[in-house]
Amino acid sequence: MGLFVLRRVGVMILTALCLTFVVFYLTNLDPNLEKLAKTQGNARMSDEQVQTWLSNRGYDRPDYIKYGEWLGVLPGYVIEGADGDIRGRCLRAGVTAEDAPRFCGILQGDWGFSTVFKEDVSKIVMIRLSQTAKLMGMVMLVMVPSALIIGVLAGMREGSRLDRTLSTASIVTTATPEYVSGVLFITIFASSAVGLKWFNGSATSAMENMTFVNFTLPVMTVALYGMGYIARMTRASMTEVMTAQYIRTARLKGVSFRNIVIKHALRNALIAPFTVIMLQFPWLLNGVVIVETLFNFKGFGWTLVQAAGNNDIEMLLGVSVVSVFVVLTTQLISDIGYVFLNPRIRIS
Amino acid sequence: MDNLTWTGSLGTLLNPALLLAAGLFAIAIVLQILTSLVVEPYRAQTLPDGRLSRRGGAIGLIERAPQYLLWALILIVLGYLVGGMIAPYGKAGIIGAISKQLTPVWLALLATYVVSIRYKRRLGLYGKLFDSTVGMIGFGIVMFWVYTAFFSSVGGMIATHDPLSQVSGLKNKLPGTAVPNATDFAMGAHYLLGGDNLARDVFSRMVLGSWEVVKIAPLATMFAFMVGITLGVPAGYYGGKLDTVLSFLANLILAFPVILLFYLLVTPEIVMTGIPSYMAAVLFVFPVLFALVLLNARFRTDPTKRNLIVGVVIGAMAWAYLSLISQPGTVMAFLPAALDLYNIPPGILVVFVSVVFVNSPTVFRIVRGLTLDLSTRDYVAAAQTRGEGPWYIMLWEILPNARGPLIVDFCLRIGYTTILLGTLGFFGLGLPPESPDWGSTINEGRKLLSIYPHPALPPALALLSLVLGLNLLADGLREESLRD
């Protein structure tokens, strides 16, 4: 078990390094840097001026060195520019070249500076992430229990009317991406022209003050898409368990149907959905980006869109570190959790 | 010139009937679910004359009522559609006019169903689809959009207006608004589903948007399958280092949040560096490789025949491949214009490449899993004993036996690709902003959603119905392929 976890963590770190390098490479391509120089410096710079601007700030060196500096395993550059100024990766206003630390990368907790938000990336990531955590937490709270209940109810009597109704409903929800269900929800529940006007079509006010009126629609929109998938997986797992030998034995002993479902079937039927729920996190991340854009909720996904749309390189890198970390950790938890939950593997 | 109402004169009779039937249907469904929780399921007995018995009394009626009411509902909806088709323009309202516009689609659907059901026993898995109600419904919805896309773009029929032309005075106007200078009741006299923010016809844009999906999604899914199969079968069959490396790469791509990947790949800056062109060159070579290995493994024993077949097929495919990746004005412009068969607009190419790139690792994992399972079978051992080469075993013994799950996944994956395309459009990535595809239209419509919901709703519902149809089709196929 220990060796298994160690190997998984090793693969995870390797994956994280590869992924962040890919993001680093793609954000540091020449056209992106040129755009950065023109937005940060002067929009009417000539090609030579752009080149000097970039070389003054160390952007013209090979990608792997820049990546090492950004990561914090190589010492940050200190360059005396063509204009005589000394610039360094670790030099900030008010810090002299002697006092500055040698390494300043992600590992040292220096995430860089956002050119769009004019603020430290780590600070923005923390603020935005806490907003999105609220959304994610509510989504999980709504999605997981209801999906499990729907799946168990549908799976306990395969082929019954209840099963068919619930299965159809889950197929419909898996066919409804967030940008469709969001539009439908806003039209039905929030539109001032035809709607019921029960909820708000914008979740901006939910950032300070989360209420039933302004937060229901975003939560429902994210939850709905994942719900159908988890419910279908739970149903499949439940129907499989219900045909197992020990369930038949319990029936023959005269255990009531309710007790069979709750005491015998449920625990074993919930092992498979656990993995599925954990692996839903990457998809939730997608949903969160769409929903935060649609409902104008300024969280992590909204930041991703802003950073990507405005060529904010360091912000984008910070965002991708966090999202890659979330995805890989949930994968790790799902792997370990599966081993832990499944008595056949745990005991042998 | 009058504006149209939703149902016109048909509505006076059919609207109350529809309301009544829908209400009763909802009540009946709830009643049925409630009784099914209390009452034991009924086991039908075979009567002496060969018929099946059924439950009588109130409970029997409750169990059958939804079925009857559903038929009533279907009849009423058919009434709207057929009524609209027959009645002169404008008499049957917006729904009637739309139904009239869709006449070629209805006829094509009818012909498809009549022919398919008539010959379903001779049509293999496709024919079996018509034994399952769910599968038939799904197939119907999918074919509806396929025919709509085909007739509207290639045939130039269904759309009432040009998707890009703006008619002044119709900005954000409600469905059924008359076009200002139209004189007589005929096609094009109204904006059937209203006008959007730029005074363009919502109905025509939705109809033509289906072509954007139908043209990209199945083809992109097919390329993803080619990549996934060409890499997944050897990974599962050989195992070892190859499997470890390929699985690691697949997991790498899968761990990437899709939207971040899209934002990194589908920007004008990245297109300028030529990365999508290089990716296209790599991804699109897989079908050629696949065909080469497939044919070579089959005809290896007969070199003259092999050389002829492989030469002709691969020659044609290689030419198609080269003209596909060679684009004037990009890094890949090596083919002279005389030899270049076609050019794909760069926006479409980027979208295509990124969708294939995102989809192929999942296909790889599925194919690899299936191959792992199938390579322990006796017929594989038999082929190995016969002395067949590894590629023959992989592509002609294992792959055909994996076709059931792959076909089902293919349908699901087209749906997923449709969702991805919508996502791209929703974020305004790749496709040109005036493009009528559903994602872009939803994105434009959402800005004024709470005041004017009508421009965003039709594309949203269209996308929902197409993906739903594909999911139902996959469900029906799965059911039928498990049956034998």
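Is B:Phe130 buried or exposed? In this predicted model, B:Phe130 has a relative accessible area of 5% and is therefore buried (buried means under 20% relative accessible area, exposed over 50%, partly exposed in between, with a 1.4 Å probe and protein chains only). Residues are numbered from 1 along each chain as its sequence is written, and chains are lettered from A in the order in which they are written. Local features need pLDDT of at least 70 and side-chain atom pairs pLDDT 80 or more, while side-chain values use heavy atoms.

Over all chains, the structure holds 30 aromatic pairs (rings of Phe, Tyr and Trp, the last by its six-membered ring, with centres within 6.5 Å; planes under 30 degrees apart count as stacked, over 60 as edge-to-face and the rest as tilted). One of them joins B:Tyr113 and B:Phe130, whose ring centres are 5.4 Å apart with planes at 80°, so this pair is edge-to-face. B:Tyr113 also counts as buried, at 18% relative accessibility.

The rings of B:Trp145 and B:Trp438 are likewise edge-to-face, because their planes stand at 70°, with the centres 5.1 Å apart. Both residues are buried: the relative accessible area is 6% for B:Trp145 and 0% for B:Trp438.

In chain A, one aromatic cluster is formed by A:Phe185, A:Phe189, A:Trp198, A:Phe199 and A:Phe212.

B:Arg298 lies over the face of B:Trp396, 4.6 Å from the ring centre, and the charged end of B:Arg118 sits over the ring of B:Tyr119, at 5.2 Å from its centre.

Technical notes:
Lys NZ or Arg CZ within 6 Å of the ring centre and 35° of its normal.
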